[in-house]
Amino acid sequence: MPSSQPQRPEPVAPMSDPSSSSSSSSSSPSLVARALRHRLAWPLVTLLLLLAVNAAFNPSFLHVEWRDGHAYGSLIDILNRAAPLALVSLGMTLVVATRGIDISVGAVVAISAAVAAWMIGGATDGATSRFGLPLALGAALGVALLCGLWNGVLVAGAGMQPIIATLILMVAGRGIAQLVTDGQILTIYYPPFFFIGGGHLLGLPFSIFVVAGVFALLYLAATRSALGLFLQAVGINPTAARVAGIDARRLVVGAYAVCGLCAGLAGLLISSNVKSADGNNAGQLMELDAILAVTLGGTLLTGGRFSLVGSLIGALIIQTLTYAIYSLGVPPEINLVVKAAVVFAVMLLQSAEFRDALRVLAVRPTIGARR
Amino acid sequence: MSGIATPRARPVAGATAPARASEGGGARRLDPKYLPLAATVSLFAAMALLGSLRYDGFFSAQVFLNLLIDNAFLVVVAVGMTFVILTGGIDLSVGSVVALTTMVSAALVERHGWSPLATIPLVLAMGGVFGAAMGFLIERFRLQPFIVTLAGMFLARGLCYLISIDSISITSEAYAGLAQLRIPVGGGAALSLGAVIALGVLLLAVFVAHGTPFGRAVYAIGGSETSARLMGLPVRRTLIGVYALSGLCSALAGVLFTFYMLSGYGLHAVGLELDAIAAVVIGGTLLSGGVGHVAGTLFGVLMLGVIQTLIAFDGSLSSWWTRIVVGALLFVFCLLQRFFAIGRRRR
């Protein structure tokens, strides 16, 4: 941390920004300028822009139609497909808020999927499950929770760097998942399980409700209780938070546990949707997408202020981007290059040094234009 | 977190270590910072002994040389990674730079008929520039190494797929000849060209780390970047140089990997960055930077190799046990590092 002062997150209201008095005319901010200052403004603008690009190239993109009691359309599809990533990003947001990072989520997705598939078993008659469905789901989520607790204890208890602590599970986790599936892709033939990731409720995919439920729980916990405030306090200054009487350790362990649980839930959605569990490939590169979604949503990786809504928007941006790449007929291989460009752009915009450098470049022409 | 919590400047180079040890507690014993390395070396010896006692044919020169031959590219990547980690950073892009190097080499040699003599310097320069660019972003704009190199990883893999989605196999005779080259080391055992290059890189890296101003600056930055800046060391140049070095090492490893696989493919070396980080940690380098040895990294890589060899010799264990064992080893070594860090603070 070279200079902590310009590293502060963007202010919510324009009044609270004392540093940029020279560059902006804060005396009479228009409504648009005010709205653009909001932390969620840029993620939302990005999402709307992507949707507009999609709609421009594909006229039926915004069309949602009601068929056989289900809603069909590209928008519904994006929501449905973004669900696992959104879940993982929500959990990741809490971890990032405590100055941490969890790179084991992809492995936890694979473990949870593998445990669920093993518990249900491969009986091909489609009617029997090795154990009851609630027990299978509970076991998968329980294992995921344990994984999260393990990470949390290593970070908060043993004091390891978060990247390294979660690297251990990232390396070992795929091995454990393959151990459970015995190196095979386990196929599931038990229809009740398919409802979680492929079923519909009130005409909408059930996975949307899962995400909405988790989001509502976390959002309420963060805004209606002091938990959100505590998380920010720990992220901004762990020592000050401890001195102020916050049990930072328990809070950090809790954040990692919730992150593990979210990843486990995402694993259930994925395995239920593809009706199988692949220990080697399920959730591959998921940790990177989730970190990208969290950053896109405006949560700084340096900890502190976080935005659950922003992470949801970030996950939707990634899925819409993927959809756009596919529907524009661009070769899907470009996906990774585009993602790389997005990450570079976002992190440069988040860097105070880069904004200062830009300002130096931008101020001169502005003065010239005003005459 | 821990990097901020320990602002004590660590010794700048290995040369100052004896002075510190004698000042410490009177009795002359092993400096604690060598303990993880000692643990790694003895664990490696123990595993090799176990393998030799349990399995016929394990104790032969060729089996041990094969550890080097099969992991030559990993040695080179891990050496570059060691420098990055010594400054307190991390480089996640190494695996994809290896893949990109194999891809570019294969495309140039096979599709455009370039000679290896022109291709190899070009891909090496490409790797160095790629790393330097990431280092520039990290240094100039104060970005987190983790995120920058993550984006670099996406970019390099994406570029592979832009060249071709499928694997391009190399039929060039020059490449095949270099790949087949075996250098006898006596007793009927032989090393491949890749292994010899890897050993050369290792020796060079040991010299750079412990015998040049650049190496001194690397250790100083890892101890405390602010102190290094105040001492007047070229922090900016060194940081960019470290990432450029890692990129160069990755590209060289990519060249060795091309010899090894004789093909270019976008899915080559997936997860190599994890292996490299694991090897560096097991080799006794502290992830918070400033403490470690390039030579330890060799033993880290050999340790990963001997685990794989043991599992292959056993036959009854499936390949995924490798990952679980490596994860467990990482866990043990990280815990060890934590205890040393705590112990050092108490003294």
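## Where chains A and B meet

In this predicted model, 35 residues of chain A are in contact with 39 residues of chain B; contact here means that the C-beta atoms of two residues, placed from the backbone, lie within 7 Å. On the chain A side, the elements giving two or more residues are α6 (162-181), α14 (334-350) and α15 (352-370). The largest share comes from α6(A), with 12 residues. Helices are DSSP runs of H or I with at least four residues, strands are runs of E with at least two, and both are numbered from the N terminus.

## Two positive phi angles

A:R99 isn't a glycine, yet its phi is positive, about 70°. You'll find A:R99 in the loop between α3 (74-97) and α4 (105-120) of chain A. A:R99 is buried, with 21 other C-beta atoms within 10 Å.

Over in chain B, B:L262 is another non-glycine with a positive phi, about 50°. B:L262 sits in the loop between α13 (235-261) and β4 (263-264) of chain B. B:L262 counts as partly exposed because it has 18 C-beta neighbours inside 10 Å. The cut-offs, using C-beta atoms placed from the backbone: buried takes 20 or more others within 10 Å, exposed 12 or fewer, and partly exposed is in between.

## Reading notes

Residues are numbered from 1 along each chain as its sequence is written, while chains are lettered from A and ligands numbered from 1 in the order in which they are written. Since this is a predicted model, local features need pLDDT of at least 70 and side-chain atom pairs count only at pLDDT 80 or more, whereas totals for chains, interfaces and linings use all residues.
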